[in-house]
Amino acid sequence: MVIVKGTKGYTDNNYKEYAQSEVLQLIGRAGRPQFGPSGKAIILTEKTMVKSYQNLVSGREILESSLGPELVRWILGGVYRQEFTSTRDVTKCRSFLAVRAKKNPLKYISSNDMQDVSVLNELNKSQWVRFKLKDRVQTIGDKVLVLLQYGLNCRSLPASNHAPGLSHDMGRIIQIAQGVAMCVRECYVESGDVAGVSNSIILCRELVAKCAEDSSALLQQIDGVGPRYAELLWGQGIKSISLLCDAGAREIER
């Protein structure tokens with residue numbers, strides 16, 4: 001017998017329901033062919049969730065994939081293990097996410113993905129985006145390119161209804177990009193491309209520090225140095241932390 005004592009767990013500073021697949025995996029331990037022809041599982045849950053779990057164990061509840069938020073890490077893991085050596089390998093893989101996305105595509109499309117196009121188009125015009133899009137933001141890839149560059153310059157997003165969501169996306173993009181950059185670095189190491197290794201190391205360093213090394217954002221790593229002060233120091237030729245340490249008090253005050 002298996003007893004599931006509660007169906008919520010503490011995740012991301014909050015109590016959330018376990019994924020349905022996790023609950024099924026737990027109760028599946030009740031019946032093992034080598035121990036007997038049947039098994040018994042008891043699920044203790046809130047009254048409001050009773051119907052949902054009744055449908056789940058009876059097969060009336062449709063399971064959906066929870067891989068989406070971790071899809072990038074899953075793909076990078078496959079690349080590292082050499083299970084994926086091309087885009088075709090990834091698209092051919094019949095994951096549960098792929099199966100459910102074909103059956104219920106609307107479940108896996110965020111309605112907020114491109115609501116903030118106007119804000120992103122304005123960011124694309126700013127001086128903090130070096131590699132600008134030739135056209136307007138049209139795809140998720142465009143959004144990633146703009147937010148990644150803007151974020152590495154330690155810029156705060158302009159106030160708007162979409163700013164909180166975009167700020168969260170920007171932090172998430174930088175975090176995921178760290179894994180991608182490390183994967184790229186290993187590929188260059190494997191191929192013996194010295195220039196590629198050097199450039200990818202710089203990129204990894206920038207992503208971990210969350211600031212570009214060739215912009216005033218570099219100086220914002222120092223406590224008390226904000227965007228405006230960093231720009232003033234940068235304009236005076238103080239373009240590294242070592243130069244700032246060597247500068248005299250009068251030079252800094254100027």
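## Overall make-up

The protein has twelve helices and four strands in its secondary structure; helices (H or I, at least four residues) and strands (E, at least two) are DSSP runs, numbered from the N terminus. Its radius of gyration is 25 Å, well over the 18 Å that the globule rule gives for 254 residues, so the protein is more spread out than a compact globule. The radius of gyration is taken over C-alpha atoms, and the globule rule is 2.2 Å times the number of residues to the power 0.38. Along the principal axes, the C-alpha atoms fill a box of roughly 80 × 45 × 40 Å.

This is a predicted model, in which local features need pLDDT of at least 70 and side-chain atom pairs count only at pLDDT 80 or more, while totals for chains, interfaces and linings use all residues. Residues are numbered from 1 along each chain as its sequence is written, and side-chain values use heavy atoms, with hydrogens and water left out.

## Burial and contacts

Of the 254 residues in the protein, 28% are buried. Buried means under 20% relative accessible area, exposed over 50%, and partly exposed in between (1.4 Å probe, protein chains only). A contact means heavy atoms within 4.5 Å. Among contacts in the protein with a separation of 6 or more, 46% come from residues 24 or more positions apart.

## Nonpolar cores

A nonpolar core is a set of buried Ala, Val, Leu, Ile, Met, Phe, Trp, Tyr and Cys residues joined through side-chain atoms within 4.5 Å. The largest one here has 21 residues, and L120, L123, V146, L147, Y150 and L157 have the most contacts inside it. At least two residues of this core come from each of α6 (117-125), α7 (140-152), α8 (163-191) and α9 (194-209). Helix α8 gives the most, with six residues.

L147 touches L120, L123, L157, L166, D169, M170 and I173, when residues up to four places away in sequence are not counted. A second, separate core has eight residues, including A230, W234, I238 and A247.

Strands β2 (residues 8-11) and β3 (residues 14-17) run antiparallel and are joined by four bridges. Two strands pair if DSSP finds at least two bridges between them. K8 stands opposite E17 in β3. The two strands, β2 and β3, form a hairpin with two residues between them, and D12 in the turn has a positive phi of about 50°.

## Aromatic pairs

Rings of Phe, Tyr and Trp (its six-membered ring) pair if their centres lie within 6.5 Å; planes under 30 degrees apart count as stacked, over 60 as edge-to-face and the rest as tilted. The count by this rule is two aromatic pairs. In one of them, the rings of Y10 and Y15 have centres 5.1 Å apart and planes at 65°, so the pair is edge-to-face. Both Y10 and Y15 are exposed.

The rings of W74 and F84 have centres 5.5 Å apart and planes at 65°, so this pair is also edge-to-face. W74 lies in helix α3 (residues 71-80) and F84 in the loop between α3 and α4 (87-92), so the pair ties together parts that are ten residues apart in sequence. W74 is partly exposed, with a relative accessible area of 27%, whereas F84 is buried, at 9%.

## Positive phi in two loops

Most residues other than glycine have a negative phi. Q82 has a positive phi, near 65°, and is found in the loop between α3 and α4. Q82 counts as exposed because its relative accessibility is 66%.

K210 also has a positive phi, near 60°, and lies in the loop between α9 and α10 (227-235). K210 counts as partly exposed, at 47% relative accessibility.

## Cysteines

What keeps C187 from a bond with the closest cysteine sulfur? The sulfur of C187 is 4.6 Å from that of C183, which is too far for a bond. A disulfide is a pair of cysteine sulfur atoms within 2.5 Å, and by this rule the count is zero. C187 is partly exposed, with a relative accessible area of 45%.

## L26 in helix α1

L26 lies in helix α1 (residues 20-27) and is partly exposed, with a relative accessible area of 35%. Leaving aside neighbours within four places in sequence, L26 is in contact with V2 and V4. L26 and A181 are 155 residues apart in sequence and 36 Å apart in space, C-alpha to C-alpha.
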